[in-house]
Amino acid sequence: MSTMGESLTGQQPAERGANAPSGHGGAATRRGLRRHRDLLALDDFERHARRRLPRMIHQYVAGAVETGSSMQASRTALDNLQLLPRMFRDVSDRNQSVELFGKRWNAPFGIGPIGGAAFVAYRGDAELARAAASERVPMILSASSLIRLEDIHAINPDAWFQAYLAGDQPRIDKLTDRVADAGFETLVVTGDTPMLGNREHNERSGFSMPIKITPKVVWQCAIAPRWTLGVVARTFALHGAPYFENTDAERGPPMMSKLKRNTARRDELAWKHVEAIRKRWKGNLVIKGIIAPEDARIARECGADGVLMSNHGGRQLDAAVSPFELLAETIALKGDMKVMIDSGFRRGTDVLKAYALGADFVFLGRPFIYAAVIGGAETVRHAVRVLQSEIDRDLALVGVRRLTDLSPDYLRRVAACAAPVSTGA
Ligand SMILES: Cc1cc2nc3c(=O)[nH]c(=O)nc-3n(C[C@H](O)[C@H](O)[C@H](O)COP(=O)(O)O)c2cc1C
């Protein structure tokens, strides 16, 4: 976890830069390395984070809506395609770096937006931003984050900002201007949230916003002191009450108050607003939450620079088609636009499969916030390296040096009764 030496004012001018160590000396680094011994694959991070979190917070992150079928579909779609390796190729000199929006990134994947990250892990957004900057991977700051977007930009000038918008153009314009003034170059507009998904898991575990202090919640907090003291008490002591800082141009309400965030009119958001944003926002515009190829086409016609195909990690519509299932079809009509994807990616081989179909980038959500829970930026960096190392090995084993050398020829559909995938060729 990061240093206690941060500003006590509630603002974070002293929030360290990207390359500053997270307050770890030699002994702490050794502790960090010990801590990482059992973190060999991204799925390991959840197991370790879960032990530190109250059940309701773990469920908030891990949960999926209703039957969980959207989350399951993401995995099934990835598992139904397998890689076809080729032999006797010189695969030395491998390189997984990727160019996207005029920047070269060290990995073909990035850290997706995670709302409330600083309530799950101490200074979660800042830790993710710091790790992303030092590993040179993109990180998307969530609209529902609890640290001011200006402060995250100071830590990581290459971070992107994600907005949840209401169909209210003056409000949209003011927020867009704030994001531009802060210096962000990439704006991500999430489209799959006209209403919040049916998150029964939150009701069952006792999670609500604001958190209601019930006996169940008190007990969960009592048996998870690393979270109660290490995240909640420490945040209040060093930074004051957390606020929804970035939903609008103005600061939103405190997270723990009965005052509700203004989520009104999100169900009025429409393509006309995306067109208007395109006219006003001079940076890269990415539309997140796309599943239907037809929506990607509309995004392209609105002037978007990219789409991030996603089912929100199975947290919005249940029984939705997996974005991966429609990746090739979407790529076939992308034109100059970048097609990125998330939801369910956990292994280097998953990333290779997306690139074989022609994806331009991959994002992951949950594994990185679990990493931040375990050991702040240092463990997030470890998570990035775990996936990078898998990708490097997988490139060699599949028989290519670059992700762009992959094509649908390296894939075979294996599930007996699955529909054939369109390769977009
Ligand atoms: C705890 C949590 C909070 C999230 N908050 C946001 C958010 O604020 N904005 C958004 O666009 N997506 C949000 N997402 C969705 C992620 O950005 C991403 O689409 C999803 O986690 C990808 O699936 P994965 O977790 O299986 O990698 C959230 C996901 C989780 C798990």
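Visitor: What is the pLDDT over residues 16-25?
Guide: This is a predicted model, and over residues 16-25 its pLDDT stays under 50. For that stretch the model has 20 contacts beyond four places in sequence.

Visitor: OK, and what's the mean pLDDT of the protein?
Guide: The mean is 91, and 90% of the residues reach 70 or more. Residues 1-14 have a pLDDT below 50. Beyond near neighbours in sequence, residues 1-14 have 27 contacts in the model.

Visitor: Which helix or strand has the lowest confidence, and which the highest?
Guide: The lowest is helix α1, residues 26-36, with a mean of 71. The highest is strand β4, residues 109-111, at 99.

Visitor: Switching to the ligand. Which residues come nearest?
Guide: Gly112, Gly115, Ser142, Gly313 and Gly365 do, out of 23 residues around the ligand.

Visitor: And how does that shell split by class?
Guide: Twelve of its residues are polar, seven are nonpolar and four are charged.

Visitor: Now the helices. How do you describe two that pack together?
Guide: By the angle between their axes and by the distance between those axes.

Visitor: Then at what angle do α2 and α16 pack?
Guide: At about 165°, with the axes 10 Å apart; α2 covers residues 42-52. Angles over 145 degrees count as roughly antiparallel, so α2 is roughly antiparallel to α16. The crossing of α2 past α16 is right-handed.

Visitor: Which residues make that contact?
Guide: On α2 they are Leu42, Phe45, Glu46, His48, Ala49 and Arg52. On α16 they include Arg366, Pro367, Tyr370, Val373 and Leu387. By class, the contact of α2 with α16 has eleven nonpolar residues, three charged and one polar.

Visitor: What about α15 and α16, what's the angle there?
Guide: About 60°, and the axes of the two helices are 8 Å apart. Helix α15 is residues 348-356 and helix α16 is residues 366-398.

Visitor: One more pair, α8 and α12. How far apart are the axes?
Guide: They are 11 Å apart, at an angle of about 35°. Helix α8 is residues 169-182, and helix α12 is residues 271-280. α8 crosses α12 in a right-handed sense.

Visitor: Which residues meet there?
Guide: Gln169, Ile172, Asp173 and Thr176 of α8 meet His273, Ala276, Ile277 and Arg280 of α12. Three of the residues in the contact of α8 with α12 are nonpolar, three are polar and two are charged.

Visitor: Last topic, the backbone. What kind of peptide bond joins methionine 209 and proline 210?
Guide: A cis one, with omega about 0°. Proline 210 sits in the loop between α9 (200-205) and α10 (215-222).

Visitor: And what is phi for aspartate 93?
Guide: Phi is near 60°, a positive value in a residue other than glycine. Aspartate 93 is in the loop between β1 (81-83) and β2 (98-100).

Methods:
Residues numbered from 1 in each chain as written. Predicted model: local features only at pLDDT ≥ 70, side-chain atom pairs only at ≥ 80, totals over all residues. Near = placed C-beta within 6 Å. Nonpolar A, V, L, I, M, F, W, Y, C, P; charged D, E, K, R; others polar. pLDDT = per-residue confidence, 0-100. Helix = DSSP H or I, 4+ residues; strand = E, 2+ residues; numbered from the N terminus. Contact = placed C-beta atoms within 7 Å. Axes fitted to C-alpha atoms, helices over the stretch in contact; angles between N-to-C directions. Left-handed = near helix turned anticlockwise from the far one by under 90°. Parallel < 35°, antiparallel > 145°, perpendicular 65-115°, else oblique.
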